[in-house]
Amino acid sequence: MAEYFTNIVGNEALRARLAHDVLSSSLSHAYIIEGREGSGRRTLALNIAAALSCQNRSADKFPCLECDACRKILDGKTPDVMHIVPERDRVSIGVDASRFIRSDAMVVPNDFEYKVYIIDPADTMTEQAQNALLLTLEEPHSYAVFFLICTSAASMLETVRSRAPVIRTEPVTDELLSEYIRAHDSRAVSLAASSEQYAALLRDADGCIGKALALLDPKRQKPSEERHALAEKFVKTLARPASEQARLELIANFSTKRDEVIPELIAISTALRDLILLKKTESAPLCFYTDREDAIDISYRFTTSALFALYNKVSDAIDALSRNANLRLTLTALTA
Ligand SMILES: [Zn+2]
């Protein structure tokens, strides 16, 4: 039996399509990989990269996951696979990153036949950055492959979308998810003994393996849960005209440490992005809210322009704090 992309759980149609494209040498030089956080978008990009360079590739099996190329690519130990992410304390990927990619892509690969760029999250690229990337996508070098990771391809420029087909990672069934996490994380096995907690974990992960693994790691779980609750409360409070007292309470909810406030603000901007997308279509893919009805309800309480205004204010606050602005003044201005 053929074994293609065995590292990817579920997503059979997608795996079959990509296997066909690899075998017929018809892979695109760029893909937009759309899907929810934790749904395996980065894993997919790395596995396609491994399939391209796998040294044991045969007609019925790839990537082998064992050869030197597969190991180096999947373990992040080759300069031929590059992750392009926002700079520290920034929420967006700017034009400098696109310029870097353009000049770097002129240099042939170091270890293998292909050079892979994973832009993540690509929907945070500024318009200028997307336009600059377009120049590279329009005249690709034969060895360069681009993966643009995002929650919703709709937020990318049409010109970029026309150069990069959209593929989508879908959440998997609870059965597949459970099977995977129990095979890969012993904490899942212990937790499964307590059926109530385990059921809650499966419910919160909602088919996203990456999310389930993050929830299993208590060190990662607590702050992110707290940030989520803070962001939810912040957005809900500002959905209605808020009293001075309510605004002061919101400010008091934030951390007193600058380094911790920035991720809190990023969580808020993710929530707002969901609400803006919901204004366009109620079936928009969500990356913050897990309860769609609840999120739609909150989006109704804002006008579209109010959502954009708040989103911009949050982005400005993140920028200001990255430039060492006064923490208290910045938060006061944000809730004013
Ligand atoms: Zn291999």
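**Reading the metal site, the strands and the whole chain**

Reply: Along the chain, the donors of the zinc ion are spaced as C-x9-C-x2-C-x2-C, where donors are N, O and S atoms within 2.8 Å of the metal (3.2 Å for Na, K and Ca), and sites may look incomplete since water is not among the atoms. Before going further, note that this is a predicted model, in which local features need pLDDT of at least 70 and side-chain atom pairs count only at pLDDT 80 or more, while totals for chains, interfaces and linings use all residues. Residues are numbered from 1 along each chain as its sequence is written, and side-chain values use heavy atoms, with hydrogens and water left out.

Me: Which atoms coordinate the zinc ion, and at what distances?

Reply: The coordinating atoms are the SG atoms of C54, C64, C67 and C70, at 2.3 to 2.4 Å. C54 lies in the loop between helix 2 (41-53) and strand 3 (61-62), and C64 in the loop between strand 3 and helix 3 (68-74), so the pair ties together parts that are 10 residues apart in sequence. Helices (H or I, at least four residues) and strands (E, at least two) are DSSP runs, numbered from the N terminus.

Me: What is the geometry of the site of the zinc ion?

Reply: Four donors count as tetrahedral if all angles lie between 85 and 135 degrees. Here the angles among the 4 donor atoms are 104 to 120 degrees, and the site is tetrahedral.

Me: Are C54 and C64 buried or exposed?

Reply: Buried means under 20% relative accessible area, exposed over 50%, and partly exposed in between (1.4 Å probe, protein chains only). C54 has 9% relative accessibility and therefore counts as buried, and C64, at 7%, counts as buried because of its value too.

Me: How many residues of strand 5 are buried?

Reply: In strand 5 (residues 115-119), 5 of the 5 residues are buried, so the strand is largely enclosed by the rest of the structure. Both of its faces are covered, with K115, Y117 and I119 buried on one side and V116 and I118 buried on the other.

Me: Which strand pairs with strand 5 over 4 bridges, and which is joined to strand 5 by 5 bridges?

Reply: Two strands pair if DSSP finds at least two bridges between them. Strand 4 (residues 81-84) pairs with strand 5 in the parallel sense over 4 bridges, with I84 opposite I119. Strand 6 (residues 144-150) also runs parallel to strand 5, joined by 5 bridges, and there K115 stands opposite A144. From strand 5 the chain passes through helix 5 (residues 127-138) to strand 6 in a right-handed β-α-β crossover, meaning that, with the strands pointing away from the viewer, the path from the first strand over the helix to the second runs clockwise.

Me: Which strands pair with strand 2?

Reply: Strand 6 is parallel to strand 2 over 5 bridges, and strand 7 (residues 166-169) pairs with strand 2 in the parallel sense over 4 bridges. Strand 2 (residues 30-35) is mostly covered, 6 of its 6 residues being buried.

Me: How many helices and strands are there in the chain, taken as a whole?

Reply: The chain has 16 helices and 7 strands, and 46% of its 336 residues count as buried.

Conventions
Tetrahedral: all angles 85-135°; square planar, octahedral: opposite > 155°, others 65-115°.
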